[in-house]
Amino acid sequence: MSDASIFIVEDELIVADDIRLTLENLGYTVAGIAQTGETAVRQVPEHIPDLVLMDIQLAGTMDGIETAEWIRTNLSVPVIFLTAHADDMNLERAKVTEPYGYILKPYDERELHSVIEMALYKHRTEKKAREDAWTIRTLANAIPDAILLLDLEQRIIALNESMAHRLGDNPAALLGTDIGSHIPGGFPVRIREHLEEAVRLCRTVQYEEKEDDRWFEVVLSPLPEPGCTTSRIMIQYHDITDIRIIEQRIHEQGIAQIDRNMEQFQILNDQIRNPLQAIMGYVSLDCEESKSRIVEQVMAIDNLVTRLDHGWVESEKVRRFLYRHYHHGETDASDAQTDKPREA
Amino acid sequence: MPQTLLLVDDDPPILDTFSRFLEKEGFTIYTADGGEKCISLLGTTLPDLILLDIMMEPMDGWETLLAIRDDPKTRDIPVMMVTAKPPTRDEIRIYGGEVDDYLMKPLDPRKISESVRRAIDASEEMHRTVASLRARGVETDRVREYVSLLRRVRLTQKLFGRFRHIWNADIHFLGQQESRLARLNEELGIDAPSGAGSGDPGGKRPV
């Protein structure tokens, strides 16, 4: 049994009171009673009941149908019409207000109960569906990626604002239309081929694409039904330009440093072997003068090894730079173990 | 008349020690501390062989080598590269055809004279072959191809075992050149075994 609150709009006080007792008997709370449409329009927004029972025939300037229409437009409260006789013309008018049910007077208590419960259930379900749709839309729009759902005829079934922006129109105007009609030159053959591949293999297809000066990762995901028949495909455009720029910078700086290091290695290679060559020469000469020359050459080699230490320091900078970008602040585990260069 | 050598190296102790040993062996020695000095010396002196360092500033050994080969007066002088740096494949491809021998530092200076004499002999023999090819009216381009290929094969044969790790162990690199030289030898009617391997200290060629 529900404890929903119900507002009654009925111009005949005796009938209204009878309904109130019946509703209370059924366990409902009566949020209020209004005798005219004008009063209802003032009081219903104050109470925000779970449901309004509305007599179609009302004294005053607004009848029940007008009042129900006002409630439908301004509040999310379901309305059930009460009417003394099935007046076809009024029922036609009443339909426009999307009522949650009709009850003919004199009403039957059980009928009243089931119509109210049905209306409350229907309203809850609809509200839930509306909220779910809102949540999904909000989530979809919160994602910076442009997302689109297509059917197999390439008609737009759903899309987020980011995708609508890409296609240059508002989401509502794009729904149901052919995607090709929004792209200059039509739907690109390349994407069409990827799409067909995704559907044929029933598998996500992913590729990168450059558009003006931005890079995108494009993901085409078939959304299969059981048994793998695809009727919808999700297209997702993920902007990877910033990642590309960082990668490019790492690439360029890393390569530049490696180039410098390699050049240094070549120079050092030559410069170390030269004193070794000189030592070999002086040793072979085997005279007193040669000995001091040998010492000079050994010192020259020692100076070169000091320069190797500088090369170590430069390489260390590159390694730190790469670590910062690839491991997001993680410190290099080898830091603690690595031998520091000798003091120069 | 003693043979003259031109030593080109930017490292004074190397010029010093090499000169002393080679003078003892009876050579007349000229020295240059760089590529520019080498070229200017060649304006007044034509040595029997040039020992050329590679890593020099600003004019390096390769640049100097090309300048020597560009001048008709110095074009035929044998050049021996003496360097600490192993040649890359590209360097062999680009310069290999101009180089008569390649010595790696550090080396025992007492053995340089032996290498020098062998290189001079090999070069003289090559130029005799060249002269006979010209006399037989072989086109200049074919003669050039022969000289270049012969030098490259000698160089790769000598260095291959030591530097195959740098050349990505590309056996074809050597094989292709050897078979091209063999074809050319046959075509031009040259006695093949006299050419290859003459720069190798362990080579079988009698000195």
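**Reading the pockets**

Q: How is the lining of the largest pocket divided by class?
A: A lining may be read by sorting its residues into nonpolar, polar and charged. In this predicted model, the lining of the largest pocket has eleven nonpolar, four polar and eight charged residues.

Q: How much space lies in the largest pocket, and which residues are the closest to its centre?
A: A pocket is described by its volume and by the residues that line it. Here the largest pocket holds about 600 Å³ of space. It is lined by 23 residues, and those closest to its centre are Glu263(A), Gln266(A), Ile267(A), Asp270(A) and Met55(B).

Q: How much space lies in the second largest pocket, and what is the closest to its centre?
A: The second largest pocket contains about 480 Å³ of space. Its lining comprises 18 residues, of which Arg75(B), Glu98(B), Arg144(B), Val147(B) and Arg151(B) are the closest to the centre.

Q: Which helix gives the most to the lining of the second largest pocket?
A: Helix 6 of chain B gives the most, with six residues. At least two lining residues come from each of helix 3 (61-70), helix 5 (112-135) and helix 6 (140-163) of chain B.

Q: How many residues of each class does the lining of the second largest pocket have?
A: Six nonpolar, four polar and eight charged residues make up this lining.

Technical notes:
Residues are numbered from 1 along each chain as its sequence is written. Chains are lettered from A and ligands numbered from 1 in the order in which they are written. This is a predicted model: local features need pLDDT of at least 70, side-chain atom pairs count only at pLDDT 80 or more; totals for chains, interfaces and linings use all residues. Side-chain values use heavy atoms; hydrogens and water are left out. On a 1 Å grid over the protein atoms alone, a cavity is a set of points where a 1.4 Å probe fits but cannot get out, and a pocket is an open set with protein on both sides within 12 Å along at least five of seven lines; lining residues have an atom within 4 Å of a point. Helices (H or I, at least four residues) and strands (E, at least two) are DSSP runs, numbered from the N terminus.
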